[in-house]
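User: Hi, I'm new to this one. Can you walk me through the pockets and the core?

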Amino acid sequence: MTPALEPIRKIAAYAICTDSTDRVLLVRASSRSGTPGVWSLPGGAVDHGEDPNHTVVRETAAETGLSVSVVGLRDVLADMRSLPHRGVTIHTDRLLYRVSVRGGTLCDRVGQSTDLARWHTVEEAEKLLLRPFTARALGLPSGPIDLRPEEAPEFPSFHAVPGPDGLHRAQRFAAYAVATDPDGRVLLTRVADGYPGAGCWHLPGGGTDYGEQPGAALIRELVEETGQSGRLVELIGVASHRDAASLGPEGYPIDWHGVRAFYRVVVDSPAPPTVGDVGGSTSEARWFGREEFEALPVDRLTEVTAEAVQAARLG
């Protein structure tokens, strides 16, 4: 049995980087890590308030000596791993970006969590010990490298901790839907009073649970918030927003950092929207015809909604 370990969550960003011969850039975990000798994509944890696009550039440079630029978002996935030697179980939401090399010189590191950086063909990578998320990104079988808990531990959906300046801070990963029906209507939810953005129209969706994949979380949230059953069509992008003194139902300012994946979702059999989570952050759900939707003032949309709608080319 896996021992009882403290559950923690983090958000991380990684680079999928190939050269002119289709070799992929990988880094090896050192003896300072929880999985020494295991190879993975370069990358690491998103700092509080940091845009994941910046994270992947910063971490790739630190781990490999190469300067890269982000080309696009490839995938978003989540996993759990237990680290008994550290006394924790970690849920990580991983953002995988395609990147290109701008310059620099490949180098190794000493005394860090990774010690080698190398180019490998996919055939060579298949013979290495790979972190499961890396194997998936390369289309390879995933070996039993990570120790997984038998079940997801309990973890609060909202978790704020004191920051270095004394102000509470919270970092949260969420998934949202740009949802349409066969007639082209757009599904939106209204933010309830007492929550940041109160009265504005928002995308259906919300925070993912511990151990939950973003896509599954989104479909669950869609039912809970609007009563609609949908299907995922594509991942559109990721938004990163920081509100340095957000004020919500907690009643005290929180330095809030939200990282939100948004997807195109189709509701094939739309129904009159119903809000299942009465008393929560959603006060209303509604279908908007395309002209009615396009007539909504920008200041009546939440920031992530405006960004996602633009990316989905609906506005």
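This is a predicted model: local features need pLDDT of at least 70, side-chain atom pairs count only at pLDDT 80 or more; totals for chains, interfaces and linings use all residues.

User: How much space lies in the largest pocket?

Analyst: About 1,100 Å³. It has 40 lining residues, and the closest to its centre are Arg172, Tyr176, Tyr195, Trp256 and Ser281.

User: Which element gives the most to that lining?

Analyst: That's β14, with five residues. Other elements giving two or more include β9 (168-180), β13 (231-246) and α6 (303-311).

User: And how do the residues of that lining divide by class?

Analyst: There are twelve nonpolar, 15 polar and 13 charged residues in the lining of the largest pocket.

User: OK, what about the second largest pocket?

Analyst: That one holds about 530 Å³ of space. Its lining has 25 residues, with Lys10, Tyr14, Arg81, Ser113 and Arg131 nearest the centre. Among the elements that supply at least two lining residues each are β1 (6-17), α1 (52-64) and β6 (88-104). By class, you get eight nonpolar, nine polar and eight charged.

User: Switching topic: which residues have the most contacts inside the largest nonpolar core?

Analyst: Val76, Leu95, Tyr97, Phe173, Val238, Tyr263 and Val265, in a core of 29 residues. β1, β5, β6, β9, α4 and β14 each give two or more residues to this core.

User: Where do Leu41 and Phe133 belong?

Analyst: To another core, of 17 residues, lying apart from the largest one; Ala12 and Ile16 are among its members too.

Definitions and conventions: Residues are numbered from 1 along each chain as its sequence is written. Side-chain values use heavy atoms; hydrogens and water are left out. On a 1 Å grid over the protein atoms alone, a cavity is a set of points where a 1.4 Å probe fits but cannot get out, and a pocket is an open set with protein on both sides within 12 Å along at least five of seven lines; lining residues have an atom within 4 Å of a point. Grid points are joined across faces, edges and corners, and a volume is the space filled by probe spheres set on the points. Helices (H or I, at least four residues) and strands (E, at least two) are DSSP runs, numbered from the N terminus. Ala, Val, Leu, Ile, Met, Phe, Trp, Tyr, Cys and Pro count as nonpolar, Asp, Glu, Lys and Arg as charged, and the others, Gly among them, as polar. A nonpolar core is a set of buried Ala, Val, Leu, Ile, Met, Phe, Trp, Tyr and Cys residues joined through side-chain atoms within 4.5 Å. Buried means under 20% relative accessible area, exposed over 50%, partly exposed in between (1.4 Å probe, protein chains only).
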